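Please read them with the structure open.

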Amino acid sequence: MTIMMERGARQGGRSGTLPRLLAGGRRLAEHRATYGQIPMRRFTGEDGRRVLIRAITDAGLRGRGGAGFPTGRKMTSVAAGAKRPVVIANGCESEPASRKDKMLMACAPHLVLDGAVLAAHAVGADRVYLCVERGTSIADRLERELAQRDDPVKIKLVRAPRRYVSSEESALVHFINDGDGRPLAAPPRPFEKGVGGRPTLVDNVETLAHVALIAAYGPDWFREVGTRSDPGSTLVTIGGAVARPNVYEIAPGMRLGEVVDAAGGAVEPIGAVLVGGYFGTWVPMPDGWGLPLSHDRTGPLGTSLGAGGIIALPAESCGLAETARIVRYLAEESAGQCGPCMFGLPAIAGDLAALAYGRCDPATRQRLSRRMAQVNGRGACRHPDAATRLATSALATFAADVETHMDGWTCTGVSRDPILPLPDKRHRDRSWK
């Protein structure tokens, strides 16, 4: 399998090899020279809309924002609504372990925009909201690129709060409707009743870029790479103790060791790899090198690519301390709309910190297990579930360290510089408006 390093060679979209998503250019003329015009004539009228949705369905495209939900199925539900739909292109990459969407929007904005236009046509929408985090340079760049286009559907750029949960689909709908970037705690879901009470298709920007490619080259072409259940290519952000941390385009089904090698390999012995970002799971090394990566959940911990963040943790670092730090951040990013987030996550973060720094006794360990069980599945959104999944996988992956720390000792890794990235506190958005 060919792997795209950084932007890679401009091979053109028709090749079954990689890169696909980043094969064109940032400027509209470069993009059109590689991918051509939007193939709207193939999908005219109501029959054409159904043909386009069928092509997306047959391609097996799954969402690239984290959940991996089948895109064609989501489009079908939105198109069947009683009111005229709306499309949200979600470029609010709030996951600190990932920057794939930012790179895609910077390097191939018109592929994303073509996909958004095609998605709108497929479901019969008359408006697209392109959502990005405010206070970032990408928003100004996209404004300039939008000014170069003449699309059949109105595309409005929305600058959303830079909060972790504000990229959740109901949070984007809430912000567009009411100026509040917190997730909605109760049904209906956006595909039923979203922006302005209309059925709303919310898709990650990478997903929409794939929609453009499928419309241009067809579902069979799309399936030339990847696996049967998770076809196509996908972008991942590889960081930590690797020689060339960056964004890479890979094919699902590749082994974890192959993906790390694509980033130049490890620069020191690796103790574990975090797969899926901060809603993901720890994978212990060396046993995990052969784990196939995809949006399917595999392995004993149900590992999935999720939002595409992959971070190699040195064996000399403390995975418990790293996890405690991230869970503390996730607790701080809570929308504060339910007890599991308001009280459960800070308490779990405190217990993890006590464990990491040798201040944990058997009662603390038992309390931590009880709290995680009480929080999981009971939040107003999936935020507390993700935090407890990360914590649970850390306790399993670093089980030997847990026993050492329970004896009142701490490993030397707690004094090392942190590996897992977090946004600078000075740049964190504290407002939901």
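**Aromatic pairs, sheet, cores and selected residues**

1. Phenylalanine 398 is buried, at a relative accessible area of 7%. The model is a predicted one, and the points below should be read with that in mind. The ring of phenylalanine 398 pairs with that of tryptophan 282: the centres are 5.3 Å apart and the planes stand at 70°, so the pair is edge-to-face. This pair links distant parts of the chain, with tryptophan 282 in strand E9 (residues 281–284) and phenylalanine 398 in the loop between helix H14 (383–397) and helix H15 (399–406), 116 residues apart. Tryptophan 282 is also buried, at 0% relative accessibility.

2. How many aromatic pairs does the structure hold? There are four. One of them joins tyrosine 164 and tyrosine 329; with ring centres 5.8 Å apart and planes at 90°, the pair counts as edge-to-face. Here too distant parts of the chain are linked: tyrosine 164 lies in the loop between E4 and H7, tyrosine 329 in helix H11 (residues 319–332), and 165 residues separate the two. Tyrosine 164 is buried at 7% relative accessibility, and tyrosine 329 is buried at 3%. Together with Phe279, Tyr164 and Tyr329 form one aromatic cluster.

3. The open sheet has four strands in the order E4-E3-E2-E5, and the pairing is parallel. E4 and strand E5 (200–204) are the edge strands, each pairing on one side only. From one strand to the next, the twist averages 20°. Helix H6 (residues 137–146) lies across E3 and E4 and runs at about 170° to E4.

4. The pairing of E2 can be followed residue by residue. Strand E2 (residues 86–90) pairs with strand E3 (residues 127–133) in the parallel sense, over four bridges. Within this pairing, tyrosine 129 in E3 is the bridge partner of isoleucine 88, and asparagine 90 stands opposite cysteine 131. E2 and E5 also run parallel and are joined by five bridges. On that side, alanine 89 stands opposite aspartate 203 in E5.

5. The largest nonpolar core has 58 residues, of which Leu21, Leu22, Met75, Leu104, Leu111, Leu130 and Ile155 touch the most other members. Methionine 75 is in contact with Ile53, Ile56, Ala119, Ala122, Val123, Leu201 and Val211, leaving aside its neighbours within four places in sequence. A second, separate core of 40 residues includes Cys318, Ala324, Val327 and Leu345.

6. Glutamate 168 lies in the loop between strand E4 (154–160) and helix H7 (169–178). Which side chains make polar contacts with the side chain of glutamate 168? One is that of serine 170, at 2.4 Å. Another is that of arginine 189, at 3.1 Å. Glutamate 168 counts as buried because its relative accessibility is 17%, and the cut-off is under 20%. Beyond its neighbours within four places in sequence, glutamate 168 is in contact with Pro183 and Arg189.

7. Glycine 63 is in the loop between helix H2 (45–59) and helix H3 (71–79). At 12% relative accessibility, glycine 63 counts as buried. Not counting residues up to four places away in sequence, glycine 63 touches Gly68, Phe69, Thr71, Thr207 and His295. From glycine 63 to alanine 120 the C-alpha to C-alpha separation is 16 Å, with the two 57 residues apart in sequence.

8. Proline 19 has its place in the loop between strand E1 (4–5) and helix H1 (28–35). Its relative accessible area is 2%, so proline 19 is buried. Proline 19 and threonine 234 are 215 residues apart in sequence, yet their C-alpha atoms are 9.8 Å apart in space.

Terms used
Residues are numbered from 1 along each chain as its sequence is written. This is a predicted model: local features need pLDDT of at least 70, side-chain atom pairs count only at pLDDT 80 or more; totals for chains, interfaces and linings use all residues. Side-chain values use heavy atoms; hydrogens and water are left out. Buried means under 20% relative accessible area, exposed over 50%, partly exposed in between (1.4 Å probe, protein chains only). A polar contact is a pair of N or O atoms within 3.5 Å; within protein, one must be able to donate a hydrogen and the other to accept it, and residues adjacent in sequence count only if both atoms are side-chain atoms. Contact means heavy atoms within 4.5 Å. A nonpolar core is a set of buried Ala, Val, Leu, Ile, Met, Phe, Trp, Tyr and Cys residues joined through side-chain atoms within 4.5 Å. Two strands pair if DSSP finds at least two bridges between them. Axes are lines fitted to C-alpha atoms, for helices over the stretch in contact, and angles run from 0 to 180 degrees between N-to-C directions. Rings of Phe, Tyr and Trp (its six-membered ring) pair if their centres lie within 6.5 Å; planes under 30 degrees apart count as stacked, over 60 as edge-to-face and the rest as tilted.
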